[in-house]
Amino acid sequence: MAGKLRSKVGNQWVIVHKEMTKEGIKTSFQNNRVCTLAKDNYNATSYDNYLALAIAIRDRLVERWISTQQSYHHENRKRVYYLSLEFLIGRLLGNNIINLNLDKQTSEAMSDLGFDLEEIQDQEIDAGLGNGGLGRLAACFLDSMATLGIPVHGYGIRYEYGIFRQKIVDGRQVEKPDEWLTMENPWEFARHEYTVNVKFYGRTRSYHDRKGKLQIEWIDTEDILAVPYDIPVPGYGNDIVNTLRLWAARSTTDFDFDYFNDGDYEQAVYKKVFSENISKVLYPNDNVSQGRELRLKQEYFFTAAAIADIIRRYKVKNSDLRNLPDKVVIQLNDTHPTLAILELMRKLVDEEGLEWEQAWQVTTRCFAYTNHTIMPEALECWAIPLLEKTLPRHLQILYEINKRFLREIADRYPGNVEKLRRMSLIEEGNPKRARMAHLCIVGSSSVNGVSELHSELLKTKVFPEFHEFFPEKFNNKTNGITQRRWLLKANPRLSRLISETIGTKWTTDMSQMRHLAKFADDPTFQEKWREVKEKNKRDLARFIYNSTGITVDPRSLFDVQIKRIHEYKRQLLFALYIISEYLKLKKNSDYPIVPRTFLIAGKAAPGYFNAKLIIKFINNVAEVINRDKNVRNKLKLAFLENYGVSLAERIFPASELSEQISTAGKEASGTGCMKFMANGALTIGTLDGANIEIAREVGEDRMFIFGLQTEEIEKLSRAGYDPQQYINASAGLKEVIALVRNNFFSTNEPGIFEPLLHSLTHRDEFFVCADFDAYCQAQERVSQAYLDPREWTKTSILNVAGSGKFSSDRTIGEYAREIWKIPLK
C-alpha cells in the first residue's frame with residue numbers, strides 16, 4: 001500500500017503517516033541516522049547504517065502492529081498462543097521489507113544514497129533463538145499465521161546467547177559463545193509493565209478456608225521476574241502484524257548491600273547473576289545435574305510467564321474463566337512447554353477458585369500438542385526428585401492428574417496392571433520420572449504428528465495404547481515452509497522468473513506452482529531456468545572460497561546435505577559414499593565420473609560425542625580429497641561452519657541434489673527437503689518423513705529413492721541385524737572401512753575414528769551398512785541423469801511445480817480449521 005495508511009479501529013479512523021515510498025524511506029533513513037543514532041556520513045559505521053534502515057522499516061511495521069492489536073482487542077477474537085522453546089527467525093530486515101512489499105522502494109532508496117541494500121542486510125546478526133528444524137518451523141508458522149490473518153501470540157525465551165557459534169579448528173567443532181545481543185537489536189520492544197513473577201522451589205501448605213474447602217498454598221519460594229520483549233511479525237502484503245513475545249529473566253534483588261558493605265562484592269551480586277542464568281543460553285548441557293535443573297527451570301519459566309500473560313489478556317474483555325477455551329487455544333510445540341498444562345491447572349484451582357473437574361475441562365479444551373519426534377531420548381522425562389525440589393506444587397498436581405487418569409484406565413481395562421504401568425504419567429524406576437509426552441496427550445484436545453508416516457508411527461508404534469484410548473485426539477499436520485522466506489527472499493532470481501511466467505499469486509497460494517509444469521519441456525524456459533541456477537552456483541562458489549579458501553567448480557554437480565548432525569540423519573553414510581568415489585578415481589584417474597562438489601553443514605550438540613567425531617571425520621576426508629591433485633577437478637568436499645538461517649539462504653538456491661538419507665522411520669518430517677524442492681533441487685532419499693509425500697507429489701521417478709523401508713528395518717531388527725554380513729557382502733564398503741581403519745584419513749591421530757568404526761561394524765543402530773550399496777546405486781542413477789541437462793532441468797522444474805503442498809500456509813490453514821477452530825478470512 002503506497003502513501004498513507006488509513007485504518008479503522010473501533011469507531012475511529014486512525015491516520016498513520018510513514019510514507020511507503022522511496023522518498024519516504026530515504027527521509028526516514030537520514031533522520032534516523034542523525035536524530036536517533038547521532039551519526040553522520042563521517043562517523044556512521046556499517047552497523048549504524050543497518051540500524052538506520054531497520055528503524056525506518058520498523059516504524060512502518062509499528063503503525064500496522066498497533067492497528068492490528070487494537071482490532072483484535074476490539075473484536076475480542078479467539079487467539080492462538082504458540083509456545084515454543086525455539087524460534088529460529090534468522091535475520092528480519094530483508095524479510096520485513098518483503099512482507100511490507102517495500103523491496104523495490106527500499107533498494108532504490110539505498111542506491112540513491114550510495115548504499116547497497118544487500119550489504120546493509122548482511123550487517124544484521126542472526127537471532128540466537130533456536131537450533132534446528134523445530135525452531136525454524138515455529139518461525140515459518142508465525143509468518144504464515146500473520147499472512148493468513150490468524151490472531152496469534154508466540155511465546156518463547158529471549159536467550160542472551162544462542163546454542164553456540166560453531167568454529168571448525170583442526171577439523172573439530174569448537175563451540176564459541178553466540179553473543180547475538182552484543183549489538184542493539186532494533187526489532188524488540190521491552191514491555192516492563194507486563195513483567196511476571198515466576199516462582200521456584202519452596203514448599204506447599206494445606207489449610208481449610210472459612211467455607212471448609214481445602215486450599216493449597218505454594219510458599220517460601222525463590223522468585224524470578226520474567227520481563228517480556230515483543231517482536232513484530234508481519235504478514236505478507238496484508239497490513240497485519242502479530243507478536244512474538246520473548247521472556248528475559250531478571251532477579252527480584254539486583255544488589256545485596258549487606259554483603260557489599262562487608263566487602264563481599266561477588267556475593268553482593270550473586271543472586272542476580274544466578275537468577276538471570278535462566279535466559280542466558282539456549283539448551284544448557286544437560287549431561288550434568290546443574291544443566292538438567294537449569295533446563296527444567298527454563299521450561300517452567302517461559303510457560304509460567306506465558307500462562308499468566310494469557311489469563312491477563314483474557315480478563316481484559318472476559319470474566320468467566322470457565323469459558324477460556326472459547327477465546328484461547330494454546331499450541332505446544334513439542335514437549336518442552338508441557339509444564340504449561342500443570343501451570344494452568346495451578347492457576348485455575350489455587351488462584352482462581354475453580355473446582356478440579358471444571359479446571360481440568362478448561363485445560364484439556366485449551367491445549368493442543370504437536371509431537372516432533374519418535375526418538376526415545378527426545379521424549380522428555382523429568383526425574384521426580386528434581387520436580388519435587390523445583391516445582392513442588394506442580395508435582396502434586398501431576399500426581400492428582402495421574403491418579404484420576406489411571407482410574408479411567410482401570411475402569412476400561414479391569415485388572416490390566418501392565419497397561420496401567422505403560423500408560424502412567426509416572427515411569428517407575430530409580431529415580432521415578434515424569435513422562436511429559438504422556439501428560440501432553442492426556443492434557444490436550446489434539447495430538448498431531450508432522451508427516452503422514454510420523455503420525456501413523458505415533459498411533460501404531462510410539463503411543464498405540466493412547467491412540468486406542470483417545471482415537472479422536474490423533475491427527476496429522478504435515479509440516480511446511482514459508483515461500484516468502486525460502487524462495488522470494490532467498491532466491492530472488494528464481495522468484496522473478498517464476499513470477500514472470502505464472503504471475504505472483506504463488507507468494508500467498510503455493511498451489512499456483514502447478515502451472516509451471518506446462519513449461520517443463522519448453523527449451524527457452526529451460527534455458528532461463530538453468531541460467532538462474534548457474535548464477536546462484538557462482539555466487540555460492542565465491543562465498544565458499546571467501547569463507548573456507550576452497551575453490552569449487554560451479555559447473556560441477558552441487559550435492560548438499562545441510563542439517564543438524566545426528567547419527568540417524570546419516571551424514572556418515574554420505575561421507576562413506578564420498579570416499580568410495582574417491583577410491584574409484586585413485587584406482588583409475590580416467591574413471592568417467594560426473595564432477596561433484598559435496599557440501600555439508602550442521603551443528604552437533606556439545607555433549608554428543610559421535611556427532612562431533614563425524615564432523616571431524618568429514619573434515620579430515622575433505623582435507624585429503626581437496627589436496628589431491630589427481631582428483632581436484634572432479635571431487636571437492638567442503639564443510640561450511642556455523643550453519644544457520646542466513647547460511648541456508650545462500651545454499652538452497654544453488655543446490656542441485658538434496659541429500660535426505662535418514663534411516664527410514666526416524667525422521668518425523670524434515671523441512672529442509674521442502675526448501676531444496678522449492679529451489680529446484682532433486683532429491684535422493686529414503687522413504688522417510690516428508691520424502692514419502694514429496695514422492696507422491698512429483699512422482700518417485702522424479703526422485704532417487706533407495707534403502708530399506710520402515711517395516712523392513714523393523715523386521716531386520718527383530719531378526720537380529722548383523723552389520724558385518726552387509727560389510728562382507730559389499731566390496732566397496734569393505735574397502736572404505738579398511739581405508740579408515742588403516743588411518744588413511746588420520747595419519748597424525750591414529751585410531752581417532754575407531755569409535756565410529758566400532759559403532760558401525762558392531763551395532764550400526766541406523767543401518768548405514770545395510771543401505772550402503774543401494775545408496776551408491778542411487779547415486780549412480782543421479783550421475784546418469786545429470787549427464788542429460790534437458791531432462792535434469794525438466795525434473796527440476798517439475799519439482800518446484802509439485803512443491804505447492806509444502807507451504808506452511810497450507811499447514812497453518814489445517815491447524816486453524818481442524819484444531820483451533822478459527823475461521824480464515
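Two strands are taken to pair if DSSP finds at least two bridges between them, and in this predicted model strand β21, residues 596–601, pairs with β22 in the parallel sense over 6 bridges. That pair belongs to an open sheet of 6 strands with parallel pairing, ordered β22-β21-β20-β23-β24-β25. The points below cover this sheet and its helices, a helix pair, the nonpolar cores and a hairpin.

**The parallel sheet and its helices**

- The edges of the sheet are β22 (635–640) and β25 (704–705), each of which pairs on one side only.
- Within the pairing of β21 and β22, which runs over 6 bridges, Phe-598 stands opposite Leu-637 of β22.
- Helix α21, spanning residues 523–548, packs on the sheet and touches β20 (557–562), β21 and β22, and its direction makes about 70° with that of β22.
- Helix α22, spanning residues 571–587, lies across β20, β21, β22 and β23 (657–660), and runs at about 155° to β21.

**The packing of α20 on α21**

- Helix α20 (residues 492–502) packs with α21 at an angle of about 165°, and the two axes are 9 Å apart.
- Because angles over 145 degrees count as roughly antiparallel, α20 is described as roughly antiparallel to α21.
- The crossing of these two helices, α20 and α21, is right-handed.
- On the α20 side the contact is made by Arg-493, Leu-494, Leu-497, Ile-498 and Thr-501, while α21 contributes Phe-525, Lys-528, Trp-529, Val-532, Lys-535, Asn-536 and Asp-539.

**Nonpolar cores**

- The largest nonpolar core has 141 residues, and the members that touch the most other members are Phe-301, Ile-330 and Trp-820.
- Helix α10, residues 289–317, supplies the largest share of this core, with 13 residues.
- When neighbours within four places in sequence are left aside, Phe-301 is in contact with Val-198, Phe-200, Ile-224, Leu-225, Ala-226, Trp-247, Ala-248, Ala-249 and Ile-278.

**The β5–β6 hairpin**

- Strands β5 (residues 165–169) and β6 (residues 172–176) run antiparallel and are joined by 5 bridges, with Val-169 standing opposite Arg-172 of β6.
- The hairpin of β5 and β6 has 2 residues between its strands, and Asp-170 takes a positive phi near 55° there.

Note on methods: Residues are numbered from 1 along each chain as its sequence is written. This is a predicted model: local features need pLDDT of at least 70, side-chain atom pairs count only at pLDDT 80 or more; totals for chains, interfaces and linings use all residues. Side-chain values use heavy atoms; hydrogens and water are left out. Helices (H or I, at least four residues) and strands (E, at least two) are DSSP runs, numbered from the N terminus. Contact means heavy atoms within 4.5 Å. Axes are lines fitted to C-alpha atoms, for helices over the stretch in contact, and angles run from 0 to 180 degrees between N-to-C directions. A nonpolar core is a set of buried Ala, Val, Leu, Ile, Met, Phe, Trp, Tyr and Cys residues joined through side-chain atoms within 4.5 Å. Buried means under 20% relative accessible area, exposed over 50%, partly exposed in between (1.4 Å probe, protein chains only). Angles under 35 degrees count as roughly parallel, over 145 as roughly antiparallel, 65 to 115 as roughly perpendicular and the rest as oblique. A crossing is left-handed if the near helix is turned anticlockwise from the far one by less than a right angle, and right-handed if clockwise.
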